[in-house]
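Subject: Model handover

Hi,

My notes on helix packing and aromatic pairs follow below it.

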Amino acid sequence: MPRVETVAADTPFEERLRTGFSYPLRGAALPTCVVMALLHYVGLLPSYVGALASALVWAATWRYAADCMLHTANGYADPPDVGSEGNDSSGWGLTAIHLLVVAFCVIAIVFFPRLLWPVLIVSALALPAIDMSLAFDGNLALALNPFNWGRVIGSFGAAYLIPVAINLLLGVLIALASIGTALLPRLLALPLFAFAYTYLIVLAFHLMGVMIHQRHERFGLEPEAPKLAKAGGQDADEALLAVVDALAHTDPAAATALLVARMRDRVAPASLHLAYRRLLQRQNLRDGLLMHGQIWIAALIAQGESRRALGLLQECCGIDAGFVPDDPRTCGELADLAARLGINRIALHLCNGFLAHWPRDPQAPHYGLLAARQLAEHPDQHAEATALLDRLADAWPNHPLRAEIDAQRRQLAGPA
């Protein structure tokens with residue numbers, strides 16, 4: 001069972017607000033915001049096709065924002081995956097409500113200018129209650145009921161002014177984003193503007209979810225994230241860490257044995273692995289650190305945490321300069337990542353390690369060519385790069401990368 005990242009309900013709102021600005025840029029929220037922004041290009045389609053497609057994108061945006069609110073209200077720290085909870089009626093209801101507010105504002109501007117401010121004030125006061133009701137219930141009639149607004153506002157008290165302020169700020173920021181992007185070509189401005197307001201909508205709904213989470217008893221809500229964490233043994237892991245910390249100074253070997261027994265049982269969170277490595281370092285168990293490095297690097301790659309795996313590999317290389325992962329796929333993936341990140345020394349080390357340990361692997365020419373390109377960046381290593389390319393050409397005469405190998409050889413040789 002994957003680790004459930006939770007947030008305590010009594011975490012101060014100031015802290016949640018500070019970390020909230022990165023919420024739309026974490027986990028599944030970032031690719032969702034990017035995809036939603038790009039999908040707004042469908043609005044350029046002609047006639048009703050573009051209008052209908054835009055409505056679908058807006059509904060999907062509000063639906064995901066509602067999911068974020070529910071996820072946050074249930075005590076989860078990270079954004080949800082797309083379609084993980086909530087219902088489609090929430091997205092359509094939120095789209096309809098917000099388009100209706102925009103329509104009222106346009107009508108007021110054109111026909112009744114004096115009513116614009118009253119419309120804006122009533123909308124700002126009512127929208128948070130409507131948004132929260134729709135996100136939880138998907139019931140448009142209930143969300144539009146003024147008595148329901150009173151119930152929601154009463155549950156928050158004076159704190160209800162916070163989501164009101166968030167909505168006002170959201171409107172101002174969207175207007176500023178619109179003005180700013182109006183100065184750009186439309187094909188460039190459209191996704192930038194769309195990303196800005198998608199980010200702001202997700203942020204606003206996340207912060208409203210934070211407020212509900214902090215007052216979940218008043219709403220009859222029992223957050224599910226802590227229950228899932230407890231079912232997955234995370235509470236037990238925290239208790240184990242406390243015991244390990246207490247033993248670490250007096251009996252590090254016993255503390256180490258406790259962690260070994262736990263990590264053999266099931267997938268362990270990073271906190272346990274880090275505690276285990278600290279204990280090994282305290283006991284100067286160099287071989288144990290390297291062995292654990294091999295195991296944890298493989299686990300991190302399997303969990304999609306390749307950057308953390310690369311950091312761990314660098315730590316292991318500091319212990320043993322010849323350290324490389326013991327699996328060719330792991331070694332290769334980290335070599336590619338290091339090259340993309342510009343960590344050329346590590347990329348070259350991993351490529352050389354791949355060639356030394358798995359010289360007949362079908363991917364060997366790829367990593368040999370990658371190593372040659374790393375060497376080619378330094379004039380004093382051109383001879384070494386040329387020799388490596390010559391060996392690759394002799395060993396893999398019919399490999400699909402042969403043309404690229406020959407091209408790199410010619411480039412290093414210079415003008416004929």
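The structure holds 6 aromatic pairs. A pair here means rings of Phe, Tyr or Trp (for Trp, the six-membered ring) with centres within 6.5 Å; planes under 30 degrees apart are stacked, over 60 edge-to-face, and the rest tilted. Take Trp58 and Trp62: their ring centres are 6.3 Å apart and their planes lie at 25 degrees, so this pair is stacked. Both residues sit in helix α3, 4 residues apart, about one turn of the helix.

Before going on, the ground rules. This is a predicted model, in which local features need pLDDT of at least 70, side-chain atom pairs count only at pLDDT 80 or more, and totals for chains, interfaces and linings use all residues. Residues are numbered from 1 along each chain as its sequence is written, and side-chain values use heavy atoms, with hydrogens and water left out.

Helix α3 spans residues 47-73. Helices are DSSP runs (H or I, at least four residues), as are strands (E, at least two), numbered from the N terminus. With 27 residues, α3 reaches 40 Å from first C-alpha to last, close to the 39 Å expected at 1.5 Å a residue. The expected span is 1.5 Å times one less than the number of residues. Just after α3, Gly75 has a positive phi of about 90 degrees.

Next, helix α13 (residues 270-282) and its two partners. Its axis and that of helix α14 (residues 286-302) come within 9 Å and cross at roughly 165 degrees. That makes α13 roughly antiparallel to α14. Axes are fitted to C-alpha atoms, for helices over the stretch in contact, and angles run from 0 to 180 degrees between N-to-C directions. Under 35 degrees is roughly parallel, over 145 roughly antiparallel, 65 to 115 roughly perpendicular, and the rest oblique. The α13 and α14 crossing is left-handed (the near helix is turned anticlockwise from the far one by less than a right angle; clockwise is right-handed). Contact means heavy atoms within 4.5 Å. The residues of this contact divide into 6 nonpolar, 5 polar and 1 charged.

The other partner is helix α15 (residues 306-319), with its axis 14 Å from that of α13 and an angle of about 5 degrees. The two are therefore roughly parallel. Ala270, Arg277 and Gln281 in α13 meet Arg308, Leu312, Glu315, Cys316 and Ile319 in α15.

Last, helices α19 (residues 382-395) and α20 (residues 402-413). They pack at about 150 degrees, axes 10 Å apart. They are therefore roughly antiparallel. Their crossing is left-handed. Leu389 and Leu392 are among the α19 residues in the contact, and Ile405 and Leu412 among those of α20.

Ala376 and Leu412 are 36 residues apart in sequence and 7.3 Å apart in space, C-alpha to C-alpha. Leaving aside neighbours within four places in sequence, Ala376 is in contact with His382, Ala385, Gln408 and Leu412.

Best wishes

Key. Ala, Val, Leu, Ile, Met, Phe, Trp, Tyr, Cys and Pro count as nonpolar, Asp, Glu, Lys and Arg as charged, and the others, Gly among them, as polar.
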